[in-house]
Amino acid sequence: MDTSNTPPATATPPVEDQRVWKAGRLEPMPIRKLPDAPPSVHILGPTVFLVALGVGMGESYMWPRLVLLFGPEIRWLFLIGVTLQAVVMLEMARYAMATGESIFSGAARVFKPLMWFFFVVAIAVYIWPGHLSAGAAAFEEITGIPWVVTAIAGLILVGVVFTLAKVIYNLLENVLSLLIGALVLGTAVVAAMVGSWGDVVTTISGMFSIGYLPAEAMTAAWFPVIVGACAFAGPSGMQQMWYTLHLRDSGAGMGVHQPKIRGLRHAGEEEERPNRGFMFDTDDPAEMAKWKGWRRWVTFDALLLFWGITMLVTISFTVIAQAAVRIDPAVRTAIQGDDREVALTAMSNAVSSAGSSVLGVVFLGFIALIGLNATLGLFDSFSRGQADMTYNFIPGTKKLGMSKLYAIFLWGVIIFGILILLFGPADGPSGILDTLAFLSTFAMGAYCVTLLLVNNRMLPKPIRPRWWSNVIIGFGAVFYLGMLFYSLFAYGVVVG
Amino acid sequence: MAGGLTLLAGQSTGMAGLAALALATPLALFGGLYSVLLGHGVFRPGTFGPVGLYWMAAFPVSRLAQEILAPTGGLVEGVGPFLAYQAMIALGFAIGFLWVHERAMPHWLMRRAGDNPLAKELLEKYLRFARVVSARKSARKGGR
């Protein structure tokens, strides 16, 4: 590998390797040992964040809705979307695990303005508390407590918990794992009770009708909705980029050399944070063997946990939606409209009449759970990402420390959220909604391009991605940006 | 332990009465059997393949037991399609089961290891994994 080697000054071997890996114009990365890869699935699980963020309204509402409108054959687009996201996840992990840096730092090594673009997009898109509404509305259906009250209580609870936590990552991984475990088990049981072989066969066979696009889908009313649904298949917007921070903080790969972010109450215990990531010796066969172990580990996570769970939840919800229409055809009319809450309630009622009234409540409980997962995951990820960029690239902020910066962004977004819930439109003023939807999907195309640049230019040759992986990520850039701009120019609408 | 976990999954529907109980009971029994087999070394901790196959058989049987004891109308298409459908859903159930099981199992083993040699042996396996994590933490301290 291309490293500059400073020979040891004394005859005794040095305690630390003095070599460095030069990547871009930022500080070079010292060579350190790669830790051993975990032997099994259950030790580390940063994928839980991606699943928590990824299994959202796209899986539980948008895609079941499209299936009812256009038939199960439309699901080939979902298959492409989720598979693409699994490859993106593997490639994001490549840089983060090889260096212990976030993809934002990688972007800054290529071209700093690229990183600032993501900094600004994150604030513009994720400061609005709209994602809370569906979960809180489902909770209102169950308990009768007004959704604004639940949403505000939820925001404050998230802030307090993250402030008191000793190590935020550990707490969140445990909570999200249990919530998602309950969601996966429960969804499977509900789908087993209300669905049928016919439903699941059409749902799955529809995934292979590659190229199917009915005339109705190619209209100004529906094409932007399809573009949105493709972008929301799996994690959308900047969530894949934040995954690199979770990988680092879970200690995966070279992330082991980075300290963890602590809650504000424990900020004083924070360990000293290095200015840059690290690199391992890619010329050493023993290190490369460990690297292969880490790649196997993350591939398992990407395929089984991420791809498998996302696919399972969406198949289950689609089966439930199809069963709901069979039981009560009025659901189709409800689901055609734009009112998400009405459609979900109609599905819940249909499920109730299939099994028992409790099944309907369980169904709404899952929607509330999805809302809660998304809230926890998004608030943490947003604060983590912004704090990371601020700490590393805004002079003078290092004095504050990562934990305090994290708390500033967290409470900033919470206070803004509460004010908007009380006095303004939660999704943001309608005039800028289009811009935000555009930015969110545009960021996905942009991170595909960033990923290609970072992995192929900043990493040592032996651990760069294979050609086929580059082709898939390149296709991702064309897929997101192409559909987005086609929608914009052909129909004058961005994302539905 | 696993029995408790699967019961938890059934618990949401448990309040619906007999139908839910008829499903939760066999799921809990199969969950418990999985833990026993894990203790005897038939299954390895944290591996998905065998667990997926196990639940592909156990989950449809549990649902069939439920349909016989407290019918919910699932057998309208016939027994064959019913079992095939349940087997497919079972794979998803297996992912969730394994995930929750792996997170809860060590806590249970710590309580049982004192008077149960099998639990002690299984706990040792989990401890070996924990040592790997611990070794990585020491590497972190030495790395800077």
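Residues are numbered from 1 along each chain as its sequence is written, and chains are lettered from A and ligands numbered from 1 in the order in which they are written. Because the model is predicted, local features need pLDDT of at least 70 and side-chain atom pairs count only at pLDDT 80 or more, while totals for chains, interfaces and linings use all residues; side-chain values use heavy atoms, with hydrogens and water left out.

**Chain B in outline**

Chain B contains 5 helices and 0 strands. Helices (H or I, at least four residues) and strands (E, at least two) are DSSP runs, numbered from the N terminus. In that direction the elements of chain B read α-α-α-α-α. Of the 144 residues in chain B, 47% are buried. Buried means under 20% relative accessible area, exposed means over 50%, and partly exposed lies in between (1.4 Å probe, protein chains only).

Helix α12 of chain A covers residues 285-327, which is 43 residues. From its first C-alpha to its last, α12(A) reaches 61 Å, close to the 63 Å expected at 1.5 Å a residue. The expected span of a helix is 1.5 Å times one less than its number of residues. α12(A) has a kink of about 30 degrees, centred on Gly308(A). The bend at a residue is the angle between axes fitted to the seven residues ending there and the seven starting there.

At the start of α12(A), a side-chain oxygen of Asp284(A) comes to within 2.9 Å of the backbone nitrogen of Ala286(A). Because 32 of its 43 residues are buried, α12(A) is largely enclosed by the rest of the structure. Phe306(A) is a residue of helix α12 of chain A, and with a relative accessible area of 0% Phe306(A) is buried.

In chain B, α4(B) spans only 41 Å between its end C-alpha atoms, whereas a straight helix of 34 residues would span 50 Å at 1.5 Å a residue. α4(B) has a kink of about 35 degrees at Ala104(B), shortly before the proline Pro106(B).

**How helices pack**

Two packed helices are described by the angle between their axes and the distance between the axes. Axes are lines fitted to C-alpha atoms, for helices over the stretch in contact, and angles run from 0 to 180 degrees between N-to-C directions. Angles under 35 degrees count as roughly parallel, over 145 as roughly antiparallel, 65 to 115 as roughly perpendicular and the rest as oblique.

Helix α3 of chain A (residues 76-99) packs with helix α18 of chain A (residues 467-491) at an angle of about 125 degrees, and their axes are 10 Å apart. α3(A) and α18(A) are therefore oblique to each other. α3(A) passes α18(A) in a left-handed crossing. A crossing is left-handed if the near helix is turned anticlockwise from the far one by less than a right angle, and right-handed if clockwise.

α3(A) also packs with α12(A), at an angle of about 150 degrees and with the axes 10 Å apart. That makes α3(A) roughly antiparallel to α12(A). The crossing of α3(A) and α12(A) is right-handed.

In chain B, the axes of helix α3 (residues 48-69) and helix α4 (residues 79-112) come within 7 Å and cross at roughly 125 degrees. α3(B) is therefore oblique to α4(B). The crossing in which α3(B) passes α4(B) is right-handed.

**Single residues in chain A**

Ser102(A) lies in the loop between α3 and α4 (103-110) of chain A. Ser102(A) counts as buried, at 0% relative accessibility. The side chains of Ser102(A) and Asp388(A) are joined by a polar contact of 2.8 Å. A polar contact is a pair of N or O atoms within 3.5 Å; within protein, one must be able to donate a hydrogen and the other to accept it, and residues adjacent in sequence count only if both atoms are side-chain atoms.

Gly130(A) is in the loop between α5 (112-126) and α6 (132-143) of chain A, and at 7% relative accessibility Gly130(A) counts as buried. Trp411(A) belongs to helix α16 (residues 402-423) of chain A. With a relative accessible area of 26%, Trp411(A) is partly exposed.

The table lists pairs of residues with their separation along the chain and between C-alpha atoms.

| Pair | Apart in sequence | C-alpha to C-alpha |
|---|---|---|
| Phe306(A) and Pro235(A) | 71 residues | 9.9 Å |
| Gly130(A) and Ala151(A) | 21 residues | 9.9 Å |
| Trp411(A) and Ile156(A) | 255 residues | 8.9 Å |
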